[in-house]
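Subject: Handing over a structure

Hello,

Here is the structure I promised to pass on to you. Please open it beside this email and follow along as you read.

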Amino acid sequence: MKYLVWATTALMASTAMTQAGGIERSQQSVGILFEEGTYAELGFAWSDPDVTGDWSIAPVNSGDMAPSYLVPSLSYRMDLTDQLSFAFIMGDHVGADANYPVGGGYPVAGSTAELTGMAYTALLRYELPSRVSIYGGLRISQIEANVALPWFGGYIAAADGGTELGYVVGAAYERPDIALRVALTYNSAIDHTWQATETFTGVTTPGTFQTTIPQSLNLEFQSGVAEDTLVFGSIRWVDWSEFDITPPVYTLNTGGGSLVNYTDDRITYTLGVGRRFNENWAGALSVVHEPSVGGQSGNLGPTDGRNAVGVGLTYENERFEISGGVQYSWLGDTFTVPAAGVGNFTDNTALSAGMRIGIRF
């Protein structure tokens, strides 16, 4: 039971992160370490947000400024000895997309922003005799971004954050007889130095600035509560108050402003139940809560907190495993300050879906 239902719960967790706080697009879960034998997995998570705001000065709507996007992932796990195992995880760990439709009269119409970030993580897990295991490894992070703000002096920026290194450490406790697992994982902060080219009022200037992909802490758990029934959940804290994108030309011409920054950390809670229907099929239902932090949001990320519900289904035989899930999110209300007045972003939603295909060798 613990492997069949865990496949569905892991899928639901990854699908949930496609609309998480900050610019996060991966929960950075280490769940693959707890698979058995040699195992490879290909995953996709897709999200289609619907985010619009109304201008306080005139009856003008921003239009849907949040494009849909796809988050792929690839993972591999193998045993090195009876106690030692290895895993490699590749996928987007941060990302952002904003695209305000042109026309309509909204103050920041035509603004676009795209940030992509890939992570490559290598992990080792050592199983102790006391049902405790410890694990850790290295994470390589690559990021780049492009921004266009035509209303702000024709501002354009292209920046490459290069390739930087961080680390992962954690520990887990398991009781296979009741499908119990509790895992605590720390992901270090990763500092990036951006090489940027900024254009403002027709003048192009090269420069550098620094951004920190923040540290995070994951508590993931699951436990059997009845025959063929599992409860699962997670609590994830991310130090988003340390994240700030401040290109020098933009900052100079806004009197110290940031393109993107967050004043508060974010905590995301997930709780769900999984059920095995027979030896091949299992399903899961989950809910997610990310509290709002209040205050003003940036024009490139006008949401604050969310609530979500998701369902998932897994089919498994001796060699193959296929999981699929769908999640619907209610995005928290917030306000922004465009070029003038206030933008009120309320009643926004997102539809997300995910699929994973695994094979055992």
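Below is a short tour of what was found, from the overall build down to single residues.

Please keep in mind that this is a predicted model. The protein has two helices and 21 strands. Its radius of gyration is 21 Å, close to the 21 Å that the globule rule gives for 361 residues, so the protein is as compact as a globular protein of that length. Along the principal axes, the C-alpha atoms fill a box of roughly 65 × 40 × 30 Å. Of the 361 residues, 49% are buried. If you take the contacts between residues at least 6 apart in sequence, 66% of them join residues at least 24 apart.

Strand β6 (residues 132–149) runs antiparallel to β7 (residues 155–175), and 17 bridges link the two.

Most residues other than glycine have a negative phi. A179, though, has a positive phi near 55 degrees without being a glycine. A179 sits in the loop between β7 and β8, a hairpin with four residues between the strands. R131 is not a glycine either, and its phi is positive at about 70 degrees. You will find R131 in the loop between β5 (112–127) and β6.

Is each of these two residues buried or exposed, or partly exposed? A179 has a relative accessible area of 5%, under the 20% cut-off, so A179 counts as buried. R131 has a relative accessible area of 44%, between the 20% and 50% cut-offs, so R131 is partly exposed.

Elsewhere there is an open sheet of three strands in the order β2-β20-β19, with antiparallel pairing. The edges are β2 (54–55) and β19 (334–336); each has a single partner strand, so one side of each is left without a neighbour in the sheet. Three bridges hold the antiparallel pair of β19 and β20 (residues 343–345), and F335 stands opposite N344 in β20.

How many cavities of 30 Å³ or more does the structure hold? There are six. The second largest cavity contains about 110 Å³ of space. Its lining is made of 14 residues, and those nearest the centre are Q28, H93, I213, P214 and R236. The elements that contribute two or more residues to this lining are β4 (84–99) and β12 (229–238). By type, the lining residues of the second largest cavity comprise six nonpolar, five polar and three charged.

That is the tour. I hope you enjoy exploring the model, and do write back with any questions.

Best wishes

Terms used:
Residues numbered from 1 in each chain as written. Predicted model: local features only at pLDDT ≥ 70, side-chain atom pairs only at ≥ 80, totals over all residues. Heavy atoms only, no water. 1 Å grid on protein atoms, 1.4 Å probe; cavity = no way out; pocket = protein on both sides within 12 Å on 5 of 7 lines; lining within 4 Å. Points joined across faces, edges and corners; volume = space filled by probe spheres on them. Nonpolar A, V, L, I, M, F, W, Y, C, P; charged D, E, K, R; others polar. Pairing = 2+ DSSP bridges. Rg over C-alpha atoms; globule rule 2.2 N^0.38 Å. Buried < 20%, exposed > 50% of the residue type's maximum accessible area, 1.4 Å probe, protein only. Contact = heavy atoms within 4.5 Å.
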